[in-house]
Structures are given as structure tokens and as C-alpha cells.
Amino acid sequence: LKKGAEFRLLGSSPQPDVHEYGRDWHENKDWYEVRKEGILTLDLSSDLRRKLLTMDIIVTLDESINCSGKECDVDTLTVVRIEENIYYEYVQRPCVELSFF
């Protein structure tokens, strides 16, 4: 993850505020099986987990960090679990570059 990545504390519910998947998307087992990166439980040795354990409402990375464990297998980060019933949502930066084909 790059410096400046932002995470918002969701509390005990994994329902994202910024991403739109519909209500109770995390409880739809069929959907979750298709999208296994839906909720990522961070490893105890994760640098990201250590940063999020501050339990601040918004955590912005002050430096780039390397992935570890299951984090490295995820294409799109949405919701991460750092402890039992403690979730953070990754807030994507808005795209500021134009694509030309």
C-alpha cells in the first residue's frame, strides 16, 4: 500500500460506507464465495494491522508499506478486519489522470 492510503473505521459492522454493494453484502454467502477478497482478516504480523490498531476514525498511511500474507493475494481492497468485530474500509483516491485510447 502506498503512502497516503486512507482507511475509515467502520466499527463492529463490515458494511462499507463508501463502496456500494447493497445492504448486508457480507452476509450473502454466494456472493462472498465469488469475491473472496470481500473481507480480509489481517495477519497478526501485518504492518497494516499495526497501523490500524491505533483505532483512529481515519487512518492515513504516512509511509508506503509492504503487503504480508493474504494481503498480497488481494486485487481490490475493500473492507479489512483487524480484530474480532473491528473493521476498516479502504477509501480509494479519486482518479485524477485521464485515459486516452
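**Exercise 1. Decide whether Val59 is buried or exposed, and place Val59 in the fold.**

Val59 has a relative accessible area of 9%. Buried means under 20%, so Val59 counts as buried. The model is a predicted one. In this model Val59 belongs to strand E3.

**Exercise 2. Find which residues Val59 touches, leaving out those up to four places away in sequence.**

Step 1. The contacts include Ala5, Glu6 and Phe7.
Step 2. Lys51, Leu52 and Thr54 are also among them.
Step 3. Val59 and Tyr88 stand 29 residues apart in sequence, and their C-alpha atoms are 9.2 Å apart in space.

**Exercise 3. State how many salt bridges the structure holds, and describe the one between Asp47 and Arg50.**

Step 1. The count is five salt bridges. Side chains of opposite charge can pair when their charged atoms come close.
Step 2. For Asp47 and Arg50, the distance from N to O is 2.4 Å. A salt bridge requires a distance within 4 Å, and the side chains of Asp47 and Arg50 do form one.
Step 3. Both residues sit in helix H2, which spans residues 47-52. They are three residues apart, about one turn of the helix.
Step 4. Asp47 has 32% relative accessibility, so Asp47 is partly exposed. Arg50, at 47%, is therefore partly exposed too.

**Exercise 4. Work out where the partners Glu83 and Arg49 lie in the chain, and whether each is buried or partly exposed.**

Step 1. Glu83 and Arg49 form a salt bridge, with 2.2 Å between the closest N and O atoms.
Step 2. This pair links distant parts of the chain: Glu83 is in strand E4 (residues 79-83) and Arg49 is in helix H2, 34 residues apart.
Step 3. Glu83 has 33% relative accessibility and is partly exposed. Arg49 has 9%, so Arg49 is buried.

**Exercise 5. Trace the salt bridge of Lys51 with Glu63, then name the network that holds both residues.**

Step 1. The side chains of Lys51 and Glu63 meet at 3.5 Å, N to O.
Step 2. Lys51 is in helix H2, while Glu63 is in the loop between strand E3 (58-60) and E4. The two are 12 residues apart, and the pair links distant parts of the chain.
Step 3. Glu63 is partly exposed at 43%, and Lys51 is partly exposed at 22%.
Step 4. Lys51, Asp62 and Glu63 are joined in a network of salt bridges.

Key: Residues are numbered from 1 along each chain as its sequence is written. This is a predicted model: local features need pLDDT of at least 70, side-chain atom pairs count only at pLDDT 80 or more; totals for chains, interfaces and linings use all residues. Side-chain values use heavy atoms; hydrogens and water are left out. Helices (H or I, at least four residues) and strands (E, at least two) are DSSP runs, numbered from the N terminus. Buried means under 20% relative accessible area, exposed over 50%, partly exposed in between (1.4 Å probe, protein chains only). Contact means heavy atoms within 4.5 Å.
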